[in-house]
Amino acid sequence: MKTAYTADQIRQAEQALMARLPEGTLMQRAASGLASVCADLLGRVYASRVVLLVGSGDNGGDALYAGQRLARRGARVEAVTAGSKTHEAGLRALLDAGGRVLDPSAAGAAIETADLIIDGLVGIGASGALREPYAELAKAVAAARGHVVAVDVPSGVDASTGRVEGAAVRARVTVTMGAYKTGLLVDPGAAYAGRVELVDIGLGAYLPDPDVAALTGADLDVLLPRPRNESDKYRRGVVGVAAGSDLFTGAAVLAVGGALRGGAGMVRYAGRAAPVAQVRSHWPEAVVTQLDAPSIDRVGRVQAWVLGPGLGTDDWAHELAAAVLASDVPVLIDADGLTLVAKDRTLLRRAAPVLITPHAGELSRLIGAGRDAIEAARLDHARRAAAELGVTVLLKGSTTVVAEDSRPVRVNTTGTSWLATGGTGDVLAGLAGALLAQGLSCYDAASCAAYLHGVAGRLAADGAPLAAGDVASALPAAIRAVTSTNS
Ligand SMILES: NC(=O)C1=CN([C@@H]2O[C@H](COP(=O)(O)OP(=O)(O)OC[C@H]3O[C@@H](n4cnc5c(N)ncnc54)[C@H](OP(=O)(O)O)[C@@H]3O)[C@@H](O)[C@H]2O)[C@@H](O)CC1
Ligand SMILES: [K+]
């Protein structure tokens, strides 16, 4: 599990650790890790040209000491000091090692042509959008031809939330100190951070419960259910899919496709005549019930439901949603199911668990916040929705996040932009439903499904556009990639 923390959490842990160490120890550890990543990127340090962007705080101090180390190895290091003050000891160390301070008027040209730029403008001490002259420097970095390495967080990215309010440095690598910051895992911040390298400065024992966490392949290997020798199709879990309508038959096909690849023992599909015909012809593996009335009485027992993809929002759909939600098993609500629930909150009054899987627009209808506001602060809104609605929330987007009251938000880092195409959400819903049916909690089912869906998307796309059906087809390969044994 990759864990990440807010700026306040990091600062408190650092203070506790610093109290036990000689002054300056942590900054030297940070600078040493930073210099070593830079040296690897440069390949040959001697005679390379390095520009340091140095702000007024300790983030600038890290950059100056790393510059000292590179200068000692023969790099030509130049510092642009942008703040009202500069870390004095760090600046002295750089100058003693042969580095120099650049006239601000020469900064643009130096940034453009340097082999490597170290962004030490601001780190966890920043607040709000970058002020001048920092903002102008951050913009100048966009023209850099060399490697751009951010110290701790890319300047302009809010370390605690990933928000970017104005200009921000777009880094190839971010070298982060002691622990991941939440803003490095959540978009838009994650997109600015590039590859994130963690430098161990000894903070581990002082860190609190994380603010957010990201599953890794090893976590999936532990969490994903496997069939045992004595398993039969009923014991492996049966997932029900209530999706599709005369207008949207494809959503039913794709949701069932996702569910069939998710490892449940059986997939039951229930719907109207048109989607029933499509599901039957695509998936002989599914057990299909054609509904004459909006009721699930004839469907047979399931351990979890997927409700909503392509279902429509008419009275019939509303009645079917009410019937599914009146059951005593976990229900995943997606797409039209979310529109129905937004119009009639009483549908959510149930004892069994609910997992909702909205994108920002759907969440906006559910909690009455603007879509743009949600996109700009995805973590906050997912948390708020989980608390207000009493459900688990999987908020889809460039970084998919899973929120549940009193738990760290799980962020998914496996996604790819190729997944932003019609129907992939239906596959995700089916997959997550299948995991629910196998006994995973909403929190685990949602975060494992997001992870596998992202990996499957990458495998299916492989650098080219994909269709949603390809993602369902790639799910077995995604599962194989994370499970160490195929038993
Ligand atoms: N603590 C530790 O143990 C360790 C810390 N480490 C490192 O220290 C970093 C944190 O250092 P920090 O606390 O000095 O804050 P930091 O991010 O450098 O800058 C704060 C200054 O920036 C300014 N400023 C603020 N907002 C701004 C804005 N929007 N636009 C422009 N300027 C803005 C403001 O200054 P002022 O306005 O007064 O000039 C403020 O005082 C951390 O990220 C890590 O790299 C490592 O060495 C490991 C050990
Ligand atoms: K920085």
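How do the residues of the shell around ligand 1 divide into nonpolar, polar and charged?

## Ligand shell

In this predicted model, the shell around ligand 1 divides into 13 nonpolar, eleven polar and five charged residues. Altogether 29 residues surround ligand 1. Gly57, Asp58, Asn59, Gly123 and Gly125 are the closest.

Three helices each supply at least two residues of this shell: helix H1 (7-18), helix H2 (25-42) and H3. The largest share comes from H3, with four residues.

## Sheet

An open sheet is formed by seven strands, with parallel pairing, in the order S4-S3-S2-S5-S6-S7-S9. Strand S4 (100-101) and strand S9 (195-199) are the edge strands, and each pairs on one side only.

Within the sheet, strand S2 (residues 49-54) and strand S5 (residues 116-120) run parallel and are joined by five bridges. Val50 stands opposite Leu116 in S5. Helix H3 (residues 58-72) packs on the sheet, where it touches S2, strand S3 (76-81), S5 and strand S6 (147-151). The direction of H3 makes about 160 degrees with that of S2.

## Domains

The chain is divided into domain 1 (2-212) and domain 2 (217-482). Their C-alpha centres lie 40 Å apart.

Contact between the two domains involves ten residues of domain 1 and eleven residues of domain 2. On the side of domain 1 that touches domain 2, five residues are nonpolar, one is polar and four are charged.

Notes:
Residues numbered from 1 in each chain as written. Chains lettered and ligands numbered in written order. Predicted model: local features only at pLDDT ≥ 70, side-chain atom pairs only at ≥ 80, totals over all residues. Pairing = 2+ DSSP bridges. Contact = placed C-beta atoms within 7 Å. Axes fitted to C-alpha atoms, helices over the stretch in contact; angles between N-to-C directions. Near = placed C-beta within 6 Å. Nonpolar A, V, L, I, M, F, W, Y, C, P; charged D, E, K, R; others polar. Domains from an automatic or database assignment.
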